[in-house]
Structure formats: structure tokens, C-alpha cells
Amino acid sequence: TVKIMIVRIGQARQYLMKRWFLLLCAGITFALVCTAYFYFKSATYSAEISFALDEPSSEVTSAGFADLPEGLGLRQSPDPGGTVFSTLNNVTELIRSRLLIEKTLKSTVTVGDHQVVMADFFLDSLDYRTSWISDRKYLHLKFDKDTADESTNRMINALLGRMYDLLTAKIITVEKKGRGTSILGVKCTSTHELFSKYFIETLISNTEFYYTETRTQRAKINLVFIQGRTDSVRKVYNSALYGRASFTDANVNPARQVAIVPAEKQQTDITILRAAYMELTRALEGAKATLTRETPLFQYLDTPSLPLKKNAPPLTIYFFVFFIAGVILSSG
């Protein structure tokens, strides 16, 4: 009834008035302990790298190299069309791909004075080794080396898969820096400061290497092909020059005109080889220029440096909630 409720409220008020100091101390103590626990337990560190891609122009300038004979079967530059990674969305997915993340996890970094495999660094620094690995024989796996044991390979692949899922879901974020810009920001947020820094640096380094190799693969193949053809023609051309000189020395005053025929044939070969060698040399210089033009540049704007930014939980809200909880528990 209402009367009983009024009586109970009055009793509770008298109880609180008598023990207010004890309840206040208990609430503050409980709030301080719980807030300190979550402050040290839930604090995260963010390492961010932002960069812009300096891509080559889509226009191919081939002036001065357009008269190369098509019979040589040479191409001075790759087609100026789009590539697989020609958009920022594709570059974003490349950074988050399992290929590059697993490659990063298998990479070795120097932490202090020790060489550490990034996968081991992940398991130890973020406290996942004992919770994810129940069998003691798998506690110290070699993530950076291949093994013939099928069960060990399955365990390694399973752990790498769990690491990849956790990294892409909660730890790694890739986003554009502002609207209308082509600047990408890649952030790694974890509870371990050194892991955040070293992982994001290794991931971006692997991404830059893979992107550059893929972007310039055709230009490199073209350059190697033209270089081989140029070296081959140069050897034949030099051999022809020495052959003509030897023939001339052996037939300084020929008694018969028929001796002139081999010399004319050698001169014709030399003329053809000289023209081919000149064109190949020009094509080789064009291929080198194309490779330089096709090589993308990563222009870094922000890189992580220690100490990293610490992301603490909302301590004021935590303190207020735990203070109320402490008062309620102590009053019972």
C-alpha cells in the first residue's frame, strides 16, 4: 500500500543518513578500483600511416621512338589502360587482403635486440597464445617456416585465419582522409603499443613492395626482353665487324673479282645489323624511361612514432556507474 511504501522510504532515508559516510567511502573505493582496472586493461594504442599514391600519367609519350620496325616484335611501353589497382577502393582491399596480412604475420621484425616473427608477437603481446592453443605441442609454432607435418600446417593455417579475422574486424581500419581526397589512412589499434607500431609499418611496407612489383611487372618484362635482344644483336654486329676486318687483311690485293663478293655480303650484313642495333638501343632507352614512368611512388604524410596515442575508456562515466554500484552493494 501507499502507507507502507511511505514508511519504507522513511526507513531507508534514516538508514542512509546514519551510514552515509560509510556508504560514500565504499562507493568511492569501489569506483576507484574498478575504474583503475578498466583504465589499464582496456586502454588501446593507435598507430596510423597516411599516404598518397603518386601514379604515372595515363598518357604515353613515345615521340622519338615511333619508327621502330614492327618486325622486331618489340613494344616500347605497356598499354596505357587501367590496371587492377587503379582505384583507391582496390588499394584499400589490397591492404586488407589475406595475402598481405598473412605475409605480414610471417614477417620478422626487430623489437629491441630480438628478432620476432610478427605472428608470435601477436599471440604474446595480445595474450592469445594460451587461450587459442590448448595443445602444448603447438605452443611454439614456426610461422615463418614450412613444415611437412600436415597437422602442424593445419594448426598454423587455423591460427593465421583467426588472426586475420580479428585484425580485419577490430584492429585494422583503412579509410580516406577527408572527402574528395586521394589520401589513405591506415590505422592499427591494439592493447600493445609496440605491436600497433610494428605491425602497421610492416603491413604498409609489404603493400608498397607488392603494389610496385605488380604495377611494373609488364614494363620489367618488356625491358628484359629488349635488353636480351640488344645484347644478342650487339654480339653478332661486333662479330661481323671483326670478320670483315679479317677478310680485308687476308685479301688486300685480290687477283680475282670473285673475292670481292664475300666482302660485299659482309658489308650488307653489317649495315643491317647496325640499323637493327641502333633501333634496339633507342627502344631500350624507351623501355627504361617507361619503367621509371610506370613505377608508383608512395608519398607518406604521417608515420607512427613512440609514444603512441593512448585511447582510454570514458573514465568519468565508468567512475559514476561503479560508484552507484558500490553504494548499492555496500548498503545490502
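Student: What makes S2 and S3 count as a pair of strands?
Tutor: In this predicted model, strand S2 (residues 108-111) and strand S3 (residues 114-117) share four bridges in the antiparallel sense. Two strands pair if there are at least two bridges between them, so S2 and S3, with four, qualify as a pair. Within this pairing, Thr110 stands opposite Gln115 in S3.

Student: Which residues of S2 form its covered face, and which its uncovered one?
Tutor: Val109 and Val111 make up the covered face. Thr108 and Thr110 make up the uncovered one.

Student: Why is helix H5 called mostly covered?
Tutor: H5 spans residues 118-125, and seven of its eight residues are buried. A residue is buried when its relative accessible area is under 20%, and Met118, Ala119, Asp120, Phe121, Phe122, Leu123 and Ser125 are the residues of H5 that are buried. Their cover includes helix H4 (98-105), S2, S3, helix H6 (129-132), helix H7 (150-171) and helix H8 (193-215). Just after H5, Asp127 has a positive phi of about 60°.

Student: How do you know how H5 is oriented relative to H7?
Tutor: The two axes come within 12 Å and cross at roughly 65°. Angles from 65 to 115 degrees count as roughly perpendicular, and H5 and H7 are therefore roughly perpendicular to each other. The crossing of H5 with H7 is left-handed. Ala119, Phe122 and Leu123 of H5 meet Met163, Leu166, Leu167 and Ile171 of H7.

Student: What is the orientation of H4 relative to H7, and what makes it so?
Tutor: The axes of H4 and H7 come within 10 Å and cross at roughly 115°. The range for roughly perpendicular is 65 to 115 degrees, so the angle makes H4 roughly perpendicular to H7. This crossing is right-handed. On the H4 side the contact is made by Arg98, Ile101, Glu102 and Leu105. On the H7 side the residues include Asn157, Leu160, Gly161 and Tyr164.

Student: How do you know where the buried residues of H3 lie around its axis?
Tutor: In helix H3 (residues 88-95), the residues Leu88, Val91, Thr92, Leu94 and Ile95 are buried. They cover an arc of only 160° around the axis, so they lie on the same side of H3. The face turned away from that buried side carries Asn89 and Glu93, which are exposed. Exposed requires a relative accessible area over 50%. The buried residues of H3 pack against strand S1 (44-54), H4, strand S4 (172-176), strand S5 (183-190) and H8.

Student: What makes S5 a partner of S1, and what makes S4 and S5 a pair?
Tutor: S1 and S5 are antiparallel and share eight bridges, and Phe51 stands opposite Leu184 in S5. S4 and S5 also run antiparallel, joined by five bridges, and Glu175 stands opposite Gly185 in S5. The requirement is at least two bridges, so S5 pairs with S1 through eight and with S4 through five. S4 and S5 form a hairpin with six residues between them, and Gly178 in its turn has a positive phi of about 90°.

Methods
Residues are numbered from 1 along each chain as its sequence is written. This is a predicted model: local features need pLDDT of at least 70, side-chain atom pairs count only at pLDDT 80 or more; totals for chains, interfaces and linings use all residues. Side-chain values use heavy atoms; hydrogens and water are left out. Buried means under 20% relative accessible area, exposed over 50%, partly exposed in between (1.4 Å probe, protein chains only). Helices (H or I, at least four residues) and strands (E, at least two) are DSSP runs, numbered from the N terminus. Contact means heavy atoms within 4.5 Å. The arc is that of the directions from the helix axis to the C-beta atoms. Axes are lines fitted to C-alpha atoms, for helices over the stretch in contact, and angles run from 0 to 180 degrees between N-to-C directions. Angles under 35 degrees count as roughly parallel, over 145 as roughly antiparallel, 65 to 115 as roughly perpendicular and the rest as oblique. A crossing is left-handed if the near helix is turned anticlockwise from the far one by less than a right angle, and right-handed if clockwise.
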